[in-house]
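Reader: I'm new to reading protein models. Could you walk me through one, feature by feature?

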Amino acid sequence: RALWYLLLSMAFGNGFLCHPLMGFWIMQHLCHSVEHGDHQIGMQPTMSYSGSPLWNLLNFNALSHVEHHDFARCPWTRLHKLREMAPDFYKSVEDA
């Protein structure tokens with residue numbers, strides 16, 4: 001029982017079964033496109049943004065979402081350092 005409790009607590013805490021955080025996940029993964037003449041140009045299907053440091057911590061640095069997709073194996077505790085290391089690549093991401 002204790003194992004089930006821990007697994008379900010973790011699942012619900014991370015957005016399982018339509019938790020409010022699920023809306024946050026959907027918002028980050030919306031695919032955007034721009035019309036260019038007679039065809040569509042696909043845009044990056046995710047976004048990063050700045051916000052509350054507390055919200056960022058509670059969501060395992062989910063505000064650095066583009067960085068997470070660029071370097072998926074980078075631990076969430078170090079994602080913020082990517083912007084510091086490569087500001088030219090992520091400057092426009094902060095402005096979004």
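Reader: Let's start with Asp70. Which helix is Asp70 in?

Author: Helices (H or I, at least four residues) and strands (E, at least two) are DSSP runs, numbered from the N terminus. Asp70 sits in helix H4. By the way, this is a predicted model, where local features need pLDDT of at least 70 and side-chain atom pairs count only at pLDDT 80 or more, while totals for chains, interfaces and linings use all residues. Residues are numbered from 1 along each chain as its sequence is written, and side-chain values use heavy atoms, with hydrogens and water left out.

Reader: What about Glu67?

Author: Glu67 is found in helix H4 too. Glu67 counts as buried because its relative accessibility is 0%.

Reader: Which residues is Glu67 in contact with, leaving aside its neighbours within four places in sequence?

Author: Contact means heavy atoms within 4.5 Å. With those neighbours set aside, Glu67 is in contact with Ser48, Leu79, Leu82, Arg83 and Tyr90. Take Tyr90: Glu67 and Tyr90 are 23 residues apart in sequence, yet 8.0 Å apart in space, C-alpha to C-alpha.

Reader: How many salt bridges does the structure hold?

Author: A salt bridge is a side-chain nitrogen of Lys or Arg within 4 Å of a carboxyl oxygen of Asp or Glu. The structure holds one. Glu67 pairs with Arg83, and their closest N and O atoms are 2.5 Å apart. The pair links distant parts of the chain, with Glu67 in helix H4 (residues 65–70) and Arg83 in helix H5 (residues 79–85), 16 residues apart. Both Glu67 and Arg83 are buried.

Reader: Where does Ser64 lie, and which residues does Ser64 touch?

Author: Ser64 is in the loop between helix H3 (53–58) and H4. Not counting residues up to four places away in sequence, Ser64 touches Ser48, Asn56, Leu79 and Arg83. With a relative accessible area of 6%, Ser64 is buried.

Reader: How do I read aromatic pairs?

Author: Rings of Phe, Tyr and Trp (its six-membered ring) pair if their centres lie within 6.5 Å; planes under 30 degrees apart count as stacked, over 60 as edge-to-face and the rest as tilted. By this rule there is one aromatic pair. Phe60 and Trp76 form it, edge-to-face, at 5.2 Å centre to centre with 75 degrees between the planes. This pair also links distant parts of the chain: Phe60 is in the loop between H3 and H4, and Trp76 is in the loop between H4 and H5, 16 residues apart. Phe60 is partly exposed at a relative accessible area of 41%, and Trp76 is partly exposed at 35%.

Reader: Now helix H1. Why does its length agree with what a helix should span?

Author: The expected span is 1.5 Å times one less than the number of residues. Helix H1 (residues 2–13) has 12 residues, so it should span 16 Å, and its end C-alpha atoms are 16 Å apart, which agrees. H1 is hardly covered, too: the count of buried residues among its 12 is zero. Trp4, for one, is in helix H1 and is exposed, with a relative accessible area of 61%.

Reader: And the whole chain?

Author: Six helices and two strands make up its secondary structure. Along the sequence, the pattern is α-α-β-β-α-α-α-α. The chain has 96 residues, of which 22% count as buried.

Definitions and conventions
Buried means under 20% relative accessible area, exposed over 50%, partly exposed in between (1.4 Å probe, protein chains only).
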